[in-house]
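Let's take a walk through a protein chain together. Keep the sequence and the 3D view side by side, and look up each residue as we get to it.

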Amino acid sequence: MNRRDFLQGLAAAGAAASLPISASAADPPPRVRRAYTGPNVVIVRFGGGVRRRETIESDETYSPFLKKFLAPRGVLYPRMEIASAPGIKTSHGEGTLYILTGKYDEYKDITGRPFSERFEAKVPTVFEGLRKEYDVPEHQALIVNCEDRIGEEFYSFSNHHLFGVHYRSTVLSLYRFKLYLLRTAIADGKYRGAELIAKRNELTKLENLDYRAHDATATSPELDRFWRSWSDYYGRSGFVNPRGDRLLAELAVEAMRRLEPKLMMVNFNDPDYVHWGNKSHYTRGVTIVDECLRRLFDASNALPAYRDRTVFVVVPDCGRDDNPFVAVPYQHHFNTPSAHKIFFLAVGPGIDRGRVVEKQVEQISVAATVGKIMNFPTPYAEGSPLAEVFA
Ligand SMILES: [Zn+2]
């Protein structure tokens with residue numbers, strides 16, 4: 001046992017001793033937490049799967065805001081990597097969980113359905129770390145997700161016995177919006193008789209998709225108010241433009257306006273449509289994510305709760321292939337060397353400016369770095385904080 005494991009064991013034993021014997025998932029958190037007064041953090045997942053070449057490497061970048069505006073204002077690590085080892089995959093769900101937990105792990109889908117990526121983290125996410133240390137409500141620890149990756153709806157908390165559902169984050173997505181619409185339609189008496197019974201069953205089934213949540217409430221007054229204003233703005237169909245990552249950016253900006261999250265992760269994804277075989281889906285997707293990043297950055301400068309007190313952390317979930325023998329060299333991200341090569345950028349108060357750190361660093365360092373920015377411990381993260389960010 002090394003020193004780190006030993007210290008983790010001590011911390012775990014101490015925390016376990018303070019838990020009431022009857023603790024269950026439905027109990028309130030067992031400790032008094034401080035108010036959070038540190039910087040907000042926005043984690044921008046520059047996904048799904050982008051290479052350095054089209055983003056931070058060349059002047060012919062498809063993400064000029066990232067490379068030419070934002071990077072010179074912060075600390076850029078152009079050589080962040082996802083480690084190469086058995087069980088470590090270069091894909092969206094895995095990369096997102098490596099970022100969120102600071103630990104490489106072999107994840108297995110728990111549903112058995114193809115492309116499901118329904119993974120469960122075994123060690124706490126940064127959201128749990130923040131909420132265990134500070135009195136931050138669920139609706140101020142947010143993950144913004146696209147609607148066609150339902151598996152990622154379940155990354156809001158880990159299965160760790162000292163963390164978990166007490167400290168979960170809230171997910172904002174069109175999927176959650178549809179749940180809100182169904183819930184309110186039932187409450188407003190829109191359905192009768194057999195249809196009402198069917199709709200109630202459907203709602204119960206959807207709300208219980210995460211069996212780990214037990215009887216934790218599916219919504220909150222703050223979230224209901226948020227979705228009400230969203231439905232007023234975008235109509236109740238859920239099918240009004242914008243779509244894809246532009247929709248995620250709008251959801252995130254609305255959340256900054258109305259919920260004021262302290263920690264928010266936005267899981268952009270548009271470049272991944274290149275899986276369907278059209279080269280321009282990738283490069284256009286990179287540009288869309290770049291524009292969404294600018295949209296979030298501009299919003300943070302316009303909102304008093306965020307101006308001069310928000311750190312942006314930008315990191316891809318994974319890279320993409322570089323295969324010269326196929327028509328679209330970067331169509332997939334099949335664990336090739338290029339799919340392991342990503343980057344990291346932090347910008348904001350307390351972060352050094354105009355610094356490029358050329359050493360190779362690991363994606364699992366992101367969680368501990370976020371923990372250090374927000375001053376909460378990350379004892380289960382295996383990557384160390386990126387020291388040069390704070391110099
Ligand atoms: Zn993909």
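Start at Cys 292, which sits in helix H10. (Helices here are DSSP runs of H or I with at least four residues, strands are runs of E with at least two, and both are numbered from the N terminus.) Is Cys 292 buried or exposed? Cys 292 counts as buried, because it has 26 C-beta neighbours inside 10 Å. The cut-offs work like this: 20 or more other C-beta atoms within 10 Å of a residue's own make it buried, 12 or fewer make it exposed, and anything in between is partly exposed, with the C-beta atoms placed from the backbone.

Which residues does Cys 292 meet? Skipping its neighbours within four places in sequence, Cys 292 is in contact with Asp 245, Arg 246, Leu 248, Ala 249 and Phe 268. A contact means that the two C-beta atoms, placed from the backbone, lie within 7 Å. Take Arg 246: it is 46 residues away from Cys 292 in sequence, yet the two C-alpha atoms are 6.3 Å apart in space.

Before going on, a word about what you're looking at. This is a predicted model, so local features need a pLDDT of at least 70 and side-chain atom pairs count only at pLDDT 80 or more, while totals for chains, interfaces and linings use all residues. Residues are numbered from 1 along each chain as its sequence is written. As for pLDDT, that's the predictor's confidence in each residue, from 0 to 100. The chain has a mean pLDDT of 88, and 88% of its residues reach 70 or more. Residues 1-24 are another story: pLDDT stays under 50 there, and the model has 12 contacts beyond four places in sequence for them.

Now for the middle of things. The largest nonpolar core has 100 residues, and the ones touching the most other members are Val 44, Val 144, Leu 248, Ala 252, Val 266, Leu 296 and Val 313. Helix H10 (residues 279-302) gives the most to this core, with nine residues. (A nonpolar core is a set of buried Ala, Val, Leu, Ile, Met, Phe, Trp, Tyr and Cys residues joined through C-beta atoms within 7 Å.) Click on Val 266: leaving out residues up to four places away in sequence, it touches Val 42, Val 44, Arg 45, Val 144, Leu 248, Ala 252 and Leu 296.

Next, find helix H8 (residues 221-234). Its buried residues include Leu 223, Phe 226, Trp 227 and Trp 230. Those four are on the same side of H8, because they cover an arc of only 90° around the axis, the arc being that of the directions from the helix axis to the C-beta atoms. Over on the other side, Pro 221, Arg 228 and Asp 232 are exposed. Among the elements covering the buried residues of H8 are strand S4 (170-172), H6 and H9.

Most residues other than glycine have a negative phi, and most peptide bonds are trans. The bond from Gly 47 to Gly 48 is cis, though, with omega near -10°, and Gly 48 lies in the loop between strand S1 (40-45) and helix H2 (53-57). Glu 260 isn't a glycine but has a positive phi of about 50°; look for it in the loop between helix H9 (244-258) and strand S5 (263-267). Asn 375, in the segment after helix H12 (365-374), also isn't a glycine and has a positive phi of about 60°.

How values were computed. The expected span of a helix is 1.5 Å times one less than its number of residues.
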